[in-house]
Structure formats: C-alpha cells, structure tokens
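Okay, quick one from me today.

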Amino acid sequence: AHVDMNASNEGPKVVIPLLESGALSALLDVYKLLSSYRSSSSSSAFSEEDTMLELLTLRTLTAAILSDLSAQNYFRTSGSLDALTEGLGWRRMNVDYQLVEVRSQVLAFKLISAAVRSNLANLACFQSARGFDRLASVIRWVGQLCPEGGHLLVQEQQADSPLKLLGDLF
C-alpha cells in the first residue's frame, strides 16, 4: 500500500515517538528473539501463540517502516535489516512443510521490501547481505513444496497454499 506523505495522515507522525521512546527498538528485539527461538528449537516447541506474536510483530514493523525514512534508516543502522535478511530462506531445507514458515518468510520479505523500496542505502545493504540470493532460496524452497502436474493447479487455488502466499510477494 502506498502512503501519500502529503495527505493528512496521522500514521507516519507516530513513528518518531516510537523511535524516541525505544518502542520500535523493542519490537525489533521481540522479532529477533522469536526468530532466534524458532531457528534453534523444534517446530513443535514453537507454539501457536509464538507464531501469532511473530506475525503480528512483522506486520506492525512493516506498517511503521513503510512510510517513514527515519524508521527505515534506523532499521538499517540498528542491524535489523541485516538480521532479517539473514533470516530469509530455510536453514534446514529438508524440514517438513509448514505453512506458518512460508507465512513468516513472506511477511519478513514484505518488511524488507518496505525498508528498501525507496531507500537506496537500505537496498545496497540488502544486496550486500546477499538478500537476493536468500530470496531466491525462498522461491526455490516453495517451488520444491509444490507438486508438479495437475496437483499444482489445485494447490494454487487453495487460500493457504505456498504458491498463493509467495504470489502475495509480487
């Protein structure tokens, strides 16, 4: 969603107090903690509540970063852009398919996209962290999840299919 910065929109104005109070930093720390916990534990140890918190945190950060250059720059200078980029892709490519993993990856990429869309310094940081290679690994992983032939068409039509979620990126 594109935000017109000239419109009388109160949304972007709240980002500065979030930065000054440390709330944005706390949200980034919550995401880093959840991401670290997910990658170090078995998928059964990551509860539905943990997943809901992770997805909500990603959505909230995306909304804050989308339309504010200060927040985008903070995202890069705090190391969060690098950390999020490093989290793209699956460390364990042979894990069983989990839709929540795909959702998390899609939302993480949407957050990265919000941070780099109109910020060349962030785009350069993403590129230097091999972000495009990592994104390609996500696309390959989702491709491996999708069967070939007629089953692919059925899976594409399902609301929670990996292809549908990956399609949301573009």
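So, of the contacts in this protein with a separation of 6 or more, 72% are between residues 24 or more positions apart; contact here means heavy atoms within 4.5 Å. Before I go on, this is a predicted model, so local features need pLDDT of at least 70 and side-chain atom pairs count only at pLDDT 80 or more, while totals for chains, interfaces and linings use all residues. Residues are numbered from 1 along each chain as its sequence is written, and side-chain values use heavy atoms, with hydrogens and water left out.

What are the elements? Buried residues are 38% of the 170 in the protein. My cut-offs are under 20% relative accessible area for buried, over 50% for exposed, and partly exposed in between, with a 1.4 Å probe and protein chains only. The accessible surface is about 9,600 Å², and carbon and sulfur atoms hold 55% of that; that's Shrake-Rupley, again with a 1.4 Å probe.

Now, helix α5, residues 80-87. Which of its residues are buried? Ser80, Leu81, Leu84, Thr85 and Gly87. Looking down the axis of α5, those buried residues fall within an arc of 160°, so they line one face of the helix. The arc is taken over the directions from the helix axis to the C-beta atoms. As a reminder, an α-helix has 3.6 residues a turn, so residues three or four places apart point the same way. Just after α5, Gly89 has a positive phi of about 90°.

Last bit: aromatics. Rings of Phe, Tyr and Trp (its six-membered ring) pair if their centres lie within 6.5 Å; planes under 30 degrees apart are stacked, over 60 edge-to-face, and the rest tilted. That rule gives two aromatic pairs. Phe109 with Phe126 is tilted, at 6.4 Å centre to centre and 55° between the planes. Phe109 sits in α6 (residues 99-116) and Phe126 in α7 (residues 120-128), so this pair ties together parts 17 residues apart in sequence. Phe126 is buried, with a relative accessible area of 2%. Phe126 also pairs edge-to-face with Phe132, at 5.0 Å and 80°. Phe132 itself is partly exposed, at 46% relative accessible area, whereas Phe109 is buried at 13%.

Note on methods
Helices (H or I, at least four residues) and strands (E, at least two) are DSSP runs, numbered from the N terminus.
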